[in-house]
Amino acid sequence: MGSLPHYLSSSSSSSDSKIDETTLLDLFKSQQSHLNFFFQNLSLPQTLAFTRTLLSSSGTIFFSGVGKSGFVANKISQTLVSLSIRSAFLSPVDALHGDIGILSSSDVVVLFSKSGNTDELLRLVPCVRAKGAYLISLTSIQGNALAAACDMNVHLPLERELCPFDLAPVTSTAIQMVFGDTIAIALMAARNLTREEYAANHPAGRIGKSLIFKVKDVMKKQEELPVCREGDLIMDQLVELTSKGCGCLLVIDEEYHLIGTFTDGDLRRTLKASGEGIFKLTVGEMCNRKPRTISPDAMAVDAMKKMEAPPSPVQFLPVIDNQNIVIGIVTLHGLVSAGL
């Protein structure tokens with residue numbers, strides 16, 4: 001067991017104890033040393049056997065633990081779920097009061113325990129065996145009761161806790177977390193999880209939205225569209241131009257085919273060039289007849305890229321179908337508001 005660092009001596013009085021950069025750096029270095037001990041002494045054969053067991057499981061992978069180890073077990077379970085692996089946290093206390101009914105013989109139960117002598121987990125073992133589930137313990141003390149009672153044990157080497165009394169579970173839980181999360185990524189790779197599958201499990205995140213949301217999911221449509229006819233006078237369409245919040249008019253024919261677009265920028269340029277003549281100009285005379293457009297089935301993130309493309313960025317894209325009929329409009333503001 002490693003020696004107690006001088007700056008963690010319990011004999012220091014609270015009156016003269018201070019925290020400075022040197023103290024913090026020494027703590028981090030000590031924790032790094034303890035973690036290096038774990039990496040250098042972890043059994044790869046044990047770890048590989050554990051990983052392959054989880055990979056081949058046809059049921060649910062349950063994780064359990066008590067106290068801080070329980071929090072780690074819950075977190076690792078949630079990581080696996082986010083990677084499309086069937087997993088859940090099983091409270092050892094609740095399991096003995098009915099929750100164990102969820103177990104089946106095809107399941108794997110992984111028990112986190114630093115000491116391997118946790119009473120709640122030891123009481124859980126025979127109940128899990130009665131259900132026929134496969135039992136694995138992850139422990140840090142050699143020759144413990146839990147390891148002897150399970151079908152498999154993985155030893156997580158622990159030099160000592162960073163705690164000055166070698167009691168508070170801060171290094172042991174860090175080891176558990178690193179081990180569990182690394183195995184989760186190993187399973188992710190072995191199952192060939194695609195970026196799209198990962199995104200589907202994170203629809204509220206930026207990555208998920210960029211790979212899931214299509215233009216039709218974020219576009220304005222129907223009564224929200226700022227539409228007009230090419231024969232309409234520009235001055236008669238100012239309310240339509242400004243009230244829909246798109247910064248443009250979509251110029252259409254009677255059948256809603258897109259003819260062009262007229263923006264608030266076009267309005268300023270026309271006013272500067274024509275002066276009072278703007279009162280006699282129609283939208284069709286001044287509109288852009290070759291605007292950038294996009295399909296409703298295109299990815300929303302591609303719409304943003306198209307808006308930002310050379311020669312100059314635009315703030316909107318008319319959304320048209322394969323017959324050039326306007327069905328919506330997607331704006332840069334709308335994409336940003338959607339989290340893209």
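Biologist: Which element gives the largest share of the lining of the largest pocket?
Modeller: Happy to walk you through this predicted model. The pocket holds about 400 Å³ of space, and 21 residues line it. Elements that give two or more residues to this lining are β8 (258-263), α12 (264-274), β9 (316-320) and α15 (332-337). The largest share, 3 residues, comes from α12.

Biologist: By class, how many residues in the lining of the largest pocket are charged?
Modeller: Let's go class by class. The lining has 9 polar residues and 7 nonpolar ones. The charged residues in the lining number 5.

Biologist: Which strands are the edge strands of the open sheet?
Modeller: Good one to trace by eye. This sheet has 5 strands in the order β2-β1-β3-β4-β5, and their pairing is parallel. An edge strand pairs on one side only, which here picks out β2 (87-89) and β5 (152-155).

Biologist: What is the bridge partner of Leu 138 in β5?
Modeller: Start with strand β4, which covers residues 134-139. Strands β4 and β5 pair in the parallel sense over 4 bridges. Within β5, the partner of Leu 138 is Val 154.

Biologist: What angle does the direction of helix α3 make with that of β1?
Modeller: Helix α3 (residues 68-82) packs on the sheet, where α3 touches β1 (61-65), β2 and β3 (108-112). Between the directions of α3 and β1, the angle is about 160°.

Notes. Residues numbered from 1 in each chain as written. Predicted model: local features only at pLDDT ≥ 70, side-chain atom pairs only at ≥ 80, totals over all residues. Heavy atoms only, no water. 1 Å grid on protein atoms, 1.4 Å probe; cavity = no way out; pocket = protein on both sides within 12 Å on 5 of 7 lines; lining within 4 Å. Points joined across faces, edges and corners; volume = space filled by probe spheres on them. Nonpolar A, V, L, I, M, F, W, Y, C, P; charged D, E, K, R; others polar. Pairing = 2+ DSSP bridges. Contact = heavy atoms within 4.5 Å. Axes fitted to C-alpha atoms, helices over the stretch in contact; angles between N-to-C directions.
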